Amino acid sequence: MNIVLFSKQDFLIKEIKKSSFIEDINIVKENLEIFDYLKSGGILLYHLDSNKDFQEDIKELLEDSQGIKIAVFRDNPNNIEGCSLLKKGIKAYAHSISNSLIISDIIKALKNGKTWVYPELMQFLISSVPLENKKEKELLNKLSIKELEVLELLSQGLNNSKIAQTLDLAEVTVKKHISSLFKKLDKKDRLSLALFFKSTI
């Protein structure tokens, strides 16, 4: 899968070079070059300058983005813009000083058809969900106690390591519970699980 980083920022470029995906990533500094690499789809890691509006910056890319999964990196991310971009089809929204581990997580999520957002944005999205759905409550009753505990902590935006520490479990066990939750609840990413939990409490 083609991966392109569009950035004029040295920090993001240096972190990308530390990423395990570096051999797959093309670094470009001009908008026009993006289409050369992503004609047949792929992943675009797009750094927005702090003073630019996303729509003005790559409006045509949003319109012609069939097969392109876009992750936006912002110098000053905010929840409102993050929600707006997700509604428009962006698949990830992160701070432009994200380290190589976060960048690798974002690429993995997008390769697997998932969405990635930072924990504060996830909390904001969860708090915006309307409550009460009987069908979903029935599904919740089919979960084990440990799965429910993991789901509750995941919905608070905690990562696997923090969930493992809180529940005194091995991180691999937490991963197994989350995989089970994906299957039982028919969800494909952490955000969907968190929103599901929010709608049932």
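**Exercise 1. Decide how enclosed helix H11 (residues 190-200) is by the rest of the structure.**

Step 1. In helix H11, 8 of the 11 residues are buried, so the helix is largely enclosed by the rest of the structure. Buried means under 20% relative accessible area, exposed over 50%, and partly exposed in between (1.4 Å probe, protein chains only). Helices (H or I, at least four residues) and strands (E, at least two) are DSSP runs, numbered from the N terminus.

Step 2. The buried residues are Leu-191, Leu-193, Ala-194, Phe-196, Phe-197, Lys-198, Ser-199 and Thr-200.

Step 3. For background, buried residues make up 45% of the 201 residues in the protein chain, which has 11 helices and 6 strands.

The model is predicted: local features need pLDDT of at least 70 and side-chain atom pairs count only at pLDDT 80 or more, while totals for chains, interfaces and linings use all residues. Residues are numbered from 1 along each chain as its sequence is written, and side-chain values use heavy atoms, with hydrogens and water left out.

**Exercise 2. Compare the span of helix H10 (residues 171-185) with the expected one, and list its buried residues.**

Step 1. Helix H10 has 15 residues and runs 21 Å from its first C-alpha to its last. That is close to the 21 Å expected at 1.5 Å a residue, where the expected span is 1.5 Å times one less than the number of residues.

Step 2. Val-174, His-177, Ile-178, Ser-180, Leu-181, Phe-182 and Leu-185 are the buried residues of H10.

**Exercise 3. Describe the surroundings of Glu-147.**

Step 1. Glu-147 belongs to helix H8 (residues 145-155). With 5% relative accessibility, Glu-147 counts as buried.

Step 2. The side chains of Glu-147 and Ser-180 are joined by a polar contact of 2.5 Å. A polar contact is a pair of N or O atoms within 3.5 Å; within protein, one must be able to donate a hydrogen and the other to accept it, and residues adjacent in sequence count only if both atoms are side-chain atoms. The Glu-147 side chain also reaches the backbone nitrogen of Ser-144 at 2.9 Å.

Step 3. Leaving aside residues up to four places away in sequence, Glu-147 touches His-177, Ser-180, Leu-181 and Lys-184; contact means heavy atoms within 4.5 Å.

**Exercise 4. Place Asn-160 in the fold and relate it to the largest pocket.**

Step 1. Asn-160 lies in helix H9 (residues 160-167) and is buried, at a relative accessible area of 14%.

Step 2. Its side chain makes a polar contact of 2.7 Å with the side chain of Arg-190. Not counting residues up to four places away in sequence, Asn-160 touches Glu-171, Val-174, Lys-175, Ile-178 and Arg-190.

Step 3. Among the 28 residues lining the largest pocket, Asp-105, Trp-116, Asn-159, Asn-160 and Arg-190 lie nearest its centre. H10 gives the largest share of the lining, 5 residues. On a 1 Å grid over the protein atoms alone, where a 1.4 Å probe fits, a pocket is an open set of points with protein on both sides within 12 Å along at least five of seven lines; lining residues have an atom within 4 Å of a point.

**Exercise 5. Find where Asp-168 and Asp-186 sit, and state their phi.**

Step 1. Asp-168 is in the loop between H9 and H10, and Asp-186 is in the loop between H10 and H11.

Step 2. Asp-168 has a positive phi of about 55° although it is not a glycine. Phi of Asp-186 is likewise positive, near 55°. Most residues other than glycine have a negative phi.

Step 3. Asp-168 counts as exposed at 70% relative accessibility, and Asp-186 is exposed at 69%.
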